[in-house]
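Have the viewer open as you read.

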Amino acid sequence: MKSKMNIRRRQFIGMVSSSIISLPRLGVSQDRRFDIRTFSILFTGLKAGQDARAIGAFLAEFMSKGIPFSIEVDIGLEDGGATAPDTDLLRLLDGLVTQYPATAELALCLDGLLEKTPYFQARALYDVRAFADQRLGHLPLDRSEFTRFQTISTGLSPNQTSAGGLRPGGCTVAIYDALDQADLNATLAPSMVMMLPRKSQLDLPEAADAFTAQLFAGLGSGTVVGIDIDALPDDAAEARGIGRSLAEAVNKSRLTAYLLPVLPSEEFRRCCSFLANHTRIFVFIDNAPASAVDWTALRAQASEIYGETCLDIVVPEGQFADGTWFVRRQDGTRLKLGNPGIDTEGAYVNGPVSWLDESKAFWHPDAVAVTRMPEEGAPRPAMPSAMNLCRGDAPPVPDIAFQLLDRSKSLPLEPPEPVTFDATDQADAELAFAYLTRFENATTGMCPATVKELPDAIIPHSELTMWDIGSLILGLLAARELDLIDEDTQVERILRIVDHVPNTKHDGHVVPAAIVSVDTGRMRRDGFDTCDFGRLSVALHFASQQPRLAEACAAKYAEWGVAGLIKDGALVTVTRRGTRSSYWSHCAHYLMRGLTLHGITGARSPYSEAFFGDTEADRLMNLLYAADSIGILSSEPLLMEAVELGASRESEHLIDVFFAALRHEETEYGRLLAPSETPLDAPPWFAYQGLDIGHDHRWSVSFLDSGRSRFEDITGSPHATFSSKAAYLWRAVRPGPFAGRLVEKVRDNGRIAGLGFASGLYLSDYKPLANLTDLNTNSVILQALAQRKKQAGAN
């Protein structure tokens, strides 16, 4: 019988190119009308108050007949264990699966696990294992006896979900609820996790009568049959009798040959030899060798002792309260070994751990085999034959956002250097200010949004948004700090600008118009843009800090009734096509802070509302997921907030991740990037560029094509540019060698004599956009240089 089961098992998990598990329909000799397919038994319904002796007697009937099964256990992580089975019962079950690993296993019940992102899948599995270890009395500090769960039970079909975080969280099998779905076979998820559908649920005591060949006629291969033992009596003898009847029903129907053995057993190793197993040996030594030669010699010695070349020599640097080891490799990298998944600090933990010098060593595709370097002359430790050792590290959590966060934490800090403001910086400021003075309109004080210089002409775009006007005002304030303009000239010009901001009305509320003429100050396009208004709000706040501007700025802002356009915590944008909420945008956080400066409350931020979770890492991941859902994360207004208002907690974290991604791009690919929104000198005329958190290519450019948004990989798009203002912003926010190289790239290629700085450089060759410059670029560069001057003065 055993050999028959092995053959069918091997057939069952043969992986075809589509990653779907297939199995021929298997006939039953005594009744050819029914096709029986492989299946597993899952006992469900365990709860607090059930008698451990009765459960043990019930299960003993299955073990005595060699019938493998899984036991669904909800250990009560969410409620502190209040609804979990009693400790005596949990320890009984733990002892059974430890003593009979090929017959019984525990399946942790985590409803909704597959709805989570890969990061939170791995986090949930780490938490539930750690909690189970506490409940089961594991974790002696001298040896880590980590819970060896490898199967989870959940309620959602994987048809709508991802299992990407399960295997890095230590799971090789997921049983999901498919009671109401069509005929489903088991599948092998891309993460190499077996997905088994629970297609039938039986109750006691009727289960014995229902457990017949007919039950399996319409079920798919790999079906899990759930049996609810909630009603199992507390009397051990009575429970044993029910177990005997049910076990005999399995044998009587000749179903044992079609039962899947417990998946994490030796069967799984032998039949799933195609899996990319990553088991490694970590050999602990007390002190690090003095040289690379000594490391090599020690590794050779360990290889000879263990008869394996797949091992790492590591120095343990401590053990946490939960039993997790912190170890250091020869190259200085540090790893955590213990319960697999992501710990409360957001670090990936390799595991599960199996001690080679203990009888409890076990097999798992990603097991970490741990031992100590034996003393000279000591006998060679026995190697468990089931370890199937091979090279390579365990698979990382396949979560792109988590990889970004992890990189931002692990990237080495840049060497400190003093912040200076020198003659070159002042020359940059003078060039940027040239744009604001050369193209000033005598009537309105404004200047064009963009200027294109041709050999025989200057072509201005003489319309401004409220964003542009805000940038102009902030640029003039910065120019005063840079000693480029005297106070009288600055005040007079800002007063002219403020006086020529036209108003319009929407839904009975006065607001500034969307587009204004540089030449007349009249409205060129009706509407109201909330993102642009956020920048104007910040600008008027800082302008009002000057006594001679305070009254005019306050009076102008008082004309507007924008508070009346806040709906459900979001200011409403008004266009010719109607209205839309501004909440789900990267401007919303900056806008909220700008409104608060003027006493307008009630606006919400998607950044702030996404920043929740049990740990700091959880909060950061939720923030990254929210930012990704909004769209490409650009340097603006993220870095503007940092320069003008000081980065908020949420923005500071996003800046860290963004900056680490930029540095990684240079380190790995030799590319300097400074993505932001940029006007172009040819169609499509404008593009948004930035960090694409949720995509493998990391960086995207977005633009309008025939009225529809298009997205391209920034590294291959002809519209991708290196933003001049973004380079200077990064140097103001993260001063150091890397940001200095960004600015030098602009200085080398982006200066346009007498005009200002080029809006950007083509990313393909870092050549400037042909004599195209703009108001926003030059004003923001002035702001960034003024910030640099403050930093230098503070040294």
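Two strands count as paired if DSSP finds at least two bridges between them. Helices (H or I, at least four residues) and strands (E, at least two) are DSSP runs, numbered from the N terminus. This is a predicted model, in which local features need pLDDT of at least 70 and side-chain atom pairs count only at pLDDT 80 or more, while totals for chains, interfaces and linings use all residues. Residues are numbered from 1 along each chain as its sequence is written, and side-chain values use heavy atoms, with hydrogens and water left out.

Strand 27 (residues 570-575) and strand 28 (residues 578-581) pair in the antiparallel sense over four bridges. Thr575 has Gly578 in strand 28 as its bridge partner, and the hairpin joining strand 27 to strand 28 runs through two residues. Strand 27 also pairs with strand 26 (residues 566-567), again in the antiparallel sense, over two bridges. Here Ile566 stands opposite Leu571 of strand 27. These two strands form a hairpin with two residues between them, and Asp568 in the turn has a positive phi of about 55°.

How enclosed is strand 27? Five of its six residues are buried, so the rest of the structure largely encloses it. Buried means under 20% relative accessible area, exposed over 50%, and partly exposed in between (1.4 Å probe, protein chains only).

**Cores and helix 20**

A nonpolar core is a set of buried Ala, Val, Leu, Ile, Met, Phe, Trp, Tyr and Cys residues joined through side-chain atoms within 4.5 Å. The largest one has 125 residues, and Ile469, Ile473 and Phe722 have the most contacts inside it. Helix 11 (residues 466-481) gives the most to this core, with ten residues. A second, separate core of 64 residues includes Ile41, Leu46, Phe58 and Tyr258.

Contact means heavy atoms within 4.5 Å. Leaving aside neighbours within four places in sequence, Phe722 is in contact with residues including Leu672, Ala727, Lys745 and Tyr766. Lys745 lies over the face of Tyr766, at 4.4 Å from the ring centre. A charge sits over a ring if NZ of Lys or CZ of Arg is within 6 Å of the ring centre and within 35 degrees of the ring normal. Arg535 lies over the face of Trp467 too, at 5.3 Å from the ring centre.

Ten of the ten residues of helix 20 (residues 724-733) are buried, so this helix is largely enclosed by the rest of the structure. Among them are Lys725, Trp730 and Arg731.

**Aromatic pairs**

Rings of Phe, Tyr and Trp (its six-membered ring) pair if their centres lie within 6.5 Å; planes under 30 degrees apart count as stacked, over 60 as edge-to-face and the rest as tilted. By this rule the count comes to 25 aromatic pairs. Two edge-to-face examples follow.

| Pair | Centre to centre | Angle between planes |
|---|---|---|
| Phe320 and Phe326 | 6.0 Å | 65° |
| Phe686 and Tyr688 | 5.3 Å | 70° |

Phe320 is partly exposed at 32% relative accessible area, as is Phe326 at 24%. Phe686 is partly exposed at 33%, and Tyr688 at 45%. Elsewhere, Phe658, Phe659, Trp699, Trp730 and Phe738 form one aromatic cluster.

**Arg123**

Is Arg123 buried or exposed? Arg123 is buried, with a relative accessible area of 3%, and has its place in helix 4 (residues 118-135). Not counting residues up to four places away in sequence, Arg123 touches Ile342, Asp343, Thr344, Thr615 and Asp618.
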